[in-house]
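Please keep the viewer open as you read.

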Amino acid sequence: MTADTIAAISTPWGPGAIGILRLSGPEAARIAEKCFKPLGHKGLLEHKPRELVYGDLLDSGGQPIDRVLCTYSLGPNSYTGENTAELQCHGSPMVLTLGLEALFAAGARQAGAGEFTRRAFLNGRLDLAQAEAVGDLLSAQSREGARHAAGQLAGALSRKIGDIYSALVDVMAHFHAVLDYPDEDIDPFRLKELEKVLAHQEGELSALLASCGRGKLLREGVACAIVGRPNAGKSSLLNTLVGYDRAIVTDIPGTTRDTVEERCELGGVPLRLIDTAGLRDTADPVERLGVERSRKAMEEAELIFAVVDMSADLTAEDQEMLQAVSETGKPWVFVASKKDLAESSRSMGLIGGDTPSVEVSALTGEGLDKLGTLVAELFPREEAAPYGQLLTNARQEEAARRAGEAVHRALEALQAGVTPDALLTDVEEALAALGELTGQSVREDVTDRIFSKFCVGK
């Protein structure tokens, strides 16, 4: 347990319906009691833990500043594993500021970034994979991303790693028994059985590593460049997909001079949409820089929407753009825009039957469902991977890779007839790498970096 008590505002800054003040530490309930006066004759601590109590939040001078709900919990049965308390206020920034000042005056200190979740990790309420899932859940950009983070927070990945870890510990135990007690009546390690165990765990680790691409997609989104000549409807498409006017739209070609990035979910796939300057030759030095950035965005994208105005005749610029997109070798969708203005498609025939194509109207929304279906087909969900059993960041990927490599070395050594004592080194390396995944054997600087990315109230 930690010696001091921390406090923070746990809801986003700005006016809102509800604002929450949060405490954790040995004096959490007593500090909350000093700043909260229940309506009625009973004090806060005379109520049961986890019971919501109605009353007044008092400032540092003892004056009421809001009528709130307060609850407290006793460790270890709390999120952090310590005594905790929460004050549910009206979402006034001034009320929350005054309330936080009162908590500080009563003995709490300001919580650091991610310190509540860090305490949950240090007190054994969450392992490191679950703690990282908290961050993933907060930043989830899609339904599937949220479901995956929730599954990982519930322990799906930790249980998967735990099964591999347990199997390797059994291997270690048998090896040590053979080495340390040669005179005891212990059956020699059956070679084929051991080989089968190591091969199975290598396969499990390979499957985890294969999930990294999908995990990264859910965490970061697919970089999707929207390209086309000026005034083709690129910015209108982006605005429609994100649900508000993020990019400037005018009838004047060349309005977009720089890349504009925004996130959305389409077909269940999280996208990082990148609206680009129109691709064309231009003497304007500012627009030319924008065109160069557009080409770079197209080169770095994982998906491309090639937009052509279907209400106008195809131009040489359209054809050059489509040729450049096809030469990237990346997944792309031919998007014929402005369907509401076109009497008939003048552009769809340009594209072969194998290229995903769709006619859309940013004004009416027609065709967007089909566009979502095409995106989902290009980035299908791996049905075999249960929610929560994907690796989602470079730290997890690197540790799982080291574990897999160590198990592979042990398997090769076993097949080559190496003595058990030499095999132990590789199995121990695999166990250490797996321990880093869950936090059993991770360095403090690594945990510092992980929790520093969290918001202060989480």
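Seven strands make up an open sheet of mixed pairing, ordered E3-E4-E5-E6-E2-E1-E7; strands pair here if DSSP finds at least two bridges between them, and strands (E, at least two residues) and helices (H or I, at least four) are DSSP runs numbered from the N terminus. This is a predicted model, where local features need pLDDT of at least 70 and side-chain atom pairs count only at pLDDT 80 or more, while totals for chains, interfaces and linings use all residues. Residues are numbered from 1 along each chain as its sequence is written, and side-chain values use heavy atoms, leaving out hydrogens and water.

**The sheet and its helices**
- Strands E3 (36-38) and E7 (109-110) are the edges, each pairing on one side only.
- E1 (residues 6-9) runs parallel to E7, joined by two bridges; Ile6 has Arg109 of E7 as its bridge partner.
- Helix H2 (residues 93-105) packs on the sheet and touches E1, E2, E4, E5, E6 and E7, contact meaning heavy atoms within 4.5 Å.
- Helix H3 (residues 115-122) also packs there, touching E1, E2 and E7.

**The nonpolar cores**
- The largest nonpolar core has 31 residues, of which Leu168, Leu198, Leu205, Val427 and Leu434 touch the most other members. Such a core is a set of buried (under 20% relative accessible area, 1.4 Å probe, protein chains only) Ala, Val, Leu, Ile, Met, Phe, Trp, Tyr and Cys residues joined through side-chain atoms within 4.5 Å.
- H6 (156-180), H7 (191-210), H13 (394-415) and H14 (420-438) each give two or more residues to this core, and H13 gives the most, with nine.
- A separate core of 28 residues includes Ile226 and Leu368.

Technical notes. Axes fitted to C-alpha atoms, helices over the stretch in contact; angles between N-to-C directions. Buried < 20%, exposed > 50% of the residue type's maximum accessible area, 1.4 Å probe, protein only.
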